[in-house]
Amino acid sequence: METVVSSGNTTEALLAGTVACHSSAELSAKLKRGTPLRVKFGVDPSSPDLHLGHAVPLRYLRRWQDAGHLAVLLLGDATAMVGDPTGKNATRPQLTREQVEAHAATYLEQAFHVLDPERTEVVRNSDWFDQMNFMDAIKLGATTTVARMLERDTFETRYKAGVPISLHEFLYPLMQARDSVEVRADVEIGGSDQTFNLLAGRDQMRDAGMEPQICITLPLLVGLDGEQKMSKSLGNAIGLTDEPREMFGRAMSLPDALMPSWFQLTTSLSEARVAELLAGSPREAKGALAAEIVATYHGEAAAREASEEFDRIFRDKGLPDDIPSTRLQAELVEDGSVWIVKALTSVGLAASSGEARRLIRSGGVRADDEKVSDEQARLSAGGSYLLRVGKRRFHRVEVPA
RNA sequence: GGGGGAAUGCCCGAGUGGUUAAUGGGGACGGGCUGUAAACCCGUUGGCUUUGCCUACGUAGGUUCGAAUCCUACUUCCCCCA
C-alpha cells in the first residue's frame with residue numbers, strides 16, 4: 001500500500017489553525033500507520049455557487065492532500081433536498097432534483113480551483129440514499145432521540161420561539177453521519193457549526209462496527225457585514241465565480257477588524273508577510289488581501305487589473321473599463337426626448353419610477369457627470385449619455401433619434 | 001379528537017371602527033465625512049402618466065357613511081389537553 005511521506009504530515013501541522021479535533025490522540029494514531037487517510041468534506045449543492053466561506057474547508061482539505069492524503073469530496077445531492085438546519089431559523093425550501101443537479105456540476109468546477117484533482121474522490125450521497133427504502137430510513141431515525149436533537153441550539157431556539165420544525169429536518173444530521181459510514185471516512189472536516197453533525201458520524205460509524213472518524217472543525221469565515229457567518233442568503237458573501245472586479249470591490253468593503261482572520265482563512269500569505277501588511281496602511285493591506293483573493297480564483301493578471309481599475313474609479317474618481325451600454329427603445333421617445341426616469345428604469349439603474357424619482361431627489365443621479373436635480377429632466381433623441389447612480393453604478397444609454 | 005391563540009410592508013414588530021401607505025427597530029438605498037472600512041450625521045424605503053390617482057394589513061365574502069381593526073367561511077402556523 002502507498003505510504004505517506006510528507007513534512008506536513010504531522011498532527012501539529014494538520015491541526016494548526018483549526019478550532020477543535022475529536023480526538024487528536026486518535027488522529028496521531030491513525031497518522032502513525034503511514035497510509036493515506038480518507039478525509040471527508042461534504043457540501044450540499046443547495047445554491048448555485050460556492051463562496052469564500054466554503055473555500056476555507058476546501059483550502060484546509062488541500063493541506064491534507066499536500067500531506068499525501070485523499071480528499072473525499074461528498075456532494076450532498078440527497079441531503080440538499082432536506083436542507084441543513086444548522087444555524088437556520090426556518091425550514092429550507094425543498095429543492096427539485098434538477099436544481100440540485102445543476103448546482104452540483106458548477107460546484108465541482110469551482111472546488112477544483114482549490115483542490116488537487118489527482119487526490120480527490122468525488123461521491124454523491126444520492127448513490128446510497130436513493131437505494132434506501134422507508135424502513136431503512138426508520139432504522140436511521142431510531143439511532144438517536146428527540147431529546148438529543150432538541151439539545152441542539154438551532155432547534156432549541158426555534159422550538160422555544162414557536163418557529164416550526166419539520167420532522168425531516170431531524171434526519172439531516174443522521175444522513176450526514178450515514179455518509180461517513182458509506183465513504184469509510186478516517187477524518188471529517190467542517191466548520192465549527194458542524195460539530196454536532198460531525199460527531200453524529202462518529203456514533204454511526206461506531207454502531208456500524210467501524211473505527212470512528214476523527215472530527216476536525218474549522219473557524220467560520222465572517223461575512224462582509226462583519227457579524228454573521230458568510231452566507232449567500234445574507235448577502236455578505238463573495239462568490240468564487242464572481243467577476244474579478246466585483247470580487248475585488250467586495251473584498252475592499254470588508255470591515256478592517258476582519259482583516260486578520262481573512263488573511264488567515266482565505267489566503268496563503270505567510271504569517272510574517274501578513275504581520276507586515278497589517279502593520280502598514282489598512283487601505284494597502286486590504287488591497288493586498290483583495291488582490292490575493294482575486295488571484296486565487298482568476299489569476300495574477302486579473303487581480304492586477306481589478307486592483308488598477310478599483311483605484312482608478314474610487315481613488316482617482318475615474319470610470320470603469322466596461323460600462324454597460326443600452327440603446328433605448330424607440331417607444332420611450334416622446335417629442336424628441338426621453339424622460340430620464342424612464343431611461344433609468346429601462347436600463348435597470350432604478351427598480352421603479354418611484355425609486356428613480358427618489359434617487360434624483362436625493363442627489364444620487366448624474367448624467368454625463370452633471371448632477372440631475374430635476375425629476376422631469378429629459379434626454380434628447382440622438383444623443384448618448386453616461387448615467388450614473390450612486391458611486392458605482394454606471395450605464396451608457398443611447399437615445400434613438 | 002377537544003380547547004385556546006396568531007397571520008401587518010424586505011425582515012422583526014406596533015396598531016383593535018374614522019386626518020392611515022399604516023408608530024418603532026433592523027436591513028437596504030441615496031447624500032455628507034472617508035480609505036467603497038469603522039463610527040457619526042442627514043434623507044428615502046408600495047406602484048403610477050406623482051400638487052393627483054391606484055393597490056395594500058393571510059384568502060373569499062359580509063356589516064358599516066367609513067374596516068388592518070367587527071362578523072362568517074376557508075387556508076396556514078403556534079400553544080395546551082387527550
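How many bridges join strand 2 to strand 3, and do the two run parallel or antiparallel? Please set the answer in the context of the sheet and the helices.

Modeller: The model is a predicted one. Strand 2 and strand 3 are joined by six bridges, and the two strands run parallel. Within this pairing, Val 43 is placed opposite Leu 75 of strand 3. Strand 3, which comprises residues 70–75, also has strand 4 as a partner; five bridges link them, and they too run parallel. Of the six residues of strand 3, five are buried, so the strand is largely enclosed by the rest of the structure.

These strands belong to an open sheet of six strands with mixed pairing, ordered 1-6-5-2-3-4. Strand 1 (20–22) and strand 4 (120–124) form the edges, each pairing on one side only. On average, neighbouring strands of the sheet are turned by 25° against each other, with direction ignored.

Two helices may be described against this sheet. Helix 9, residues 171–183, lies across strand 2 (38–43), strand 3, strand 4 and strand 5 (187–191), and runs at about 145° to strand 2. Helix 10, residues 195–207, packs on the sheet as well, where it touches strand 1, strand 5 and strand 6 (214–218). The direction of helix 10 makes about 170° with that of strand 6.

The peptide bond from His 22 to Ser 23 is cis, with omega near -10°. Ser 23 itself is found in the loop between strand 1 and helix 2 (24–32).

With a relative accessible area of 46%, Lys 232 is partly exposed. Leaving aside residues up to four places away in sequence, Lys 232 touches Pro 48, Asp 49, His 51 and Ala 237. Asp 49 is 183 residues from Lys 232 along the chain, yet their C-alpha atoms are separated by 8.6 Å.

Helix 11 in turn meets helix 14 (residues 282–298): their axes come within 9 Å and cross at roughly 145°. The crossing is right-handed. Helix 11 contributes Pro 244, Met 247, Phe 248, Ala 251 and Met 252 to the contact, while the residues from helix 14 include Arg 283, Lys 286, Ala 290, Ile 293 and Tyr 297. By class, this contact has 10 nonpolar, two polar and two charged residues.

A further helix pair is formed by helix 12 (residues 259–266) and helix 13 (residues 271–279), whose axes come within 11 Å and cross at roughly 155°. Helix 12 is therefore roughly antiparallel to helix 13. Their crossing is right-handed. Met 259, Pro 260 and Phe 263 of helix 12 make the contact with Val 274, Leu 277 and Leu 278 of helix 13. The residues of this contact comprise six nonpolar, no polar and no charged.

Two further loops deserve mention. Asp 335, in the loop between strand 7 (325–327) and strand 8 (337–339), has a positive phi of about 50° although it is not a glycine. Asp 335 counts as exposed, at 82% relative accessibility. Asp 369, in the loop between strand 9 (365–367) and strand 10 (370–371), has a positive phi of about 70° and is likewise not a glycine. Asp 369 is exposed, with a relative accessible area of 57%.

Definitions and conventions. Residues numbered from 1 in each chain as written. Chains lettered and ligands numbered in written order. Predicted model: local features only at pLDDT ≥ 70, side-chain atom pairs only at ≥ 80, totals over all residues. Heavy atoms only, no water. Pairing = 2+ DSSP bridges. Helix = DSSP H or I, 4+ residues; strand = E, 2+ residues; numbered from the N terminus. Axes fitted to C-alpha atoms, helices over the stretch in contact; angles between N-to-C directions. Contact = heavy atoms within 4.5 Å. Parallel < 35°, antiparallel > 145°, perpendicular 65-115°, else oblique. Left-handed = near helix turned anticlockwise from the far one by under 90°. Nonpolar A, V, L, I, M, F, W, Y, C, P; charged D, E, K, R; others polar. Buried < 20%, exposed > 50% of the residue type's maximum accessible area, 1.4 Å probe, protein only.
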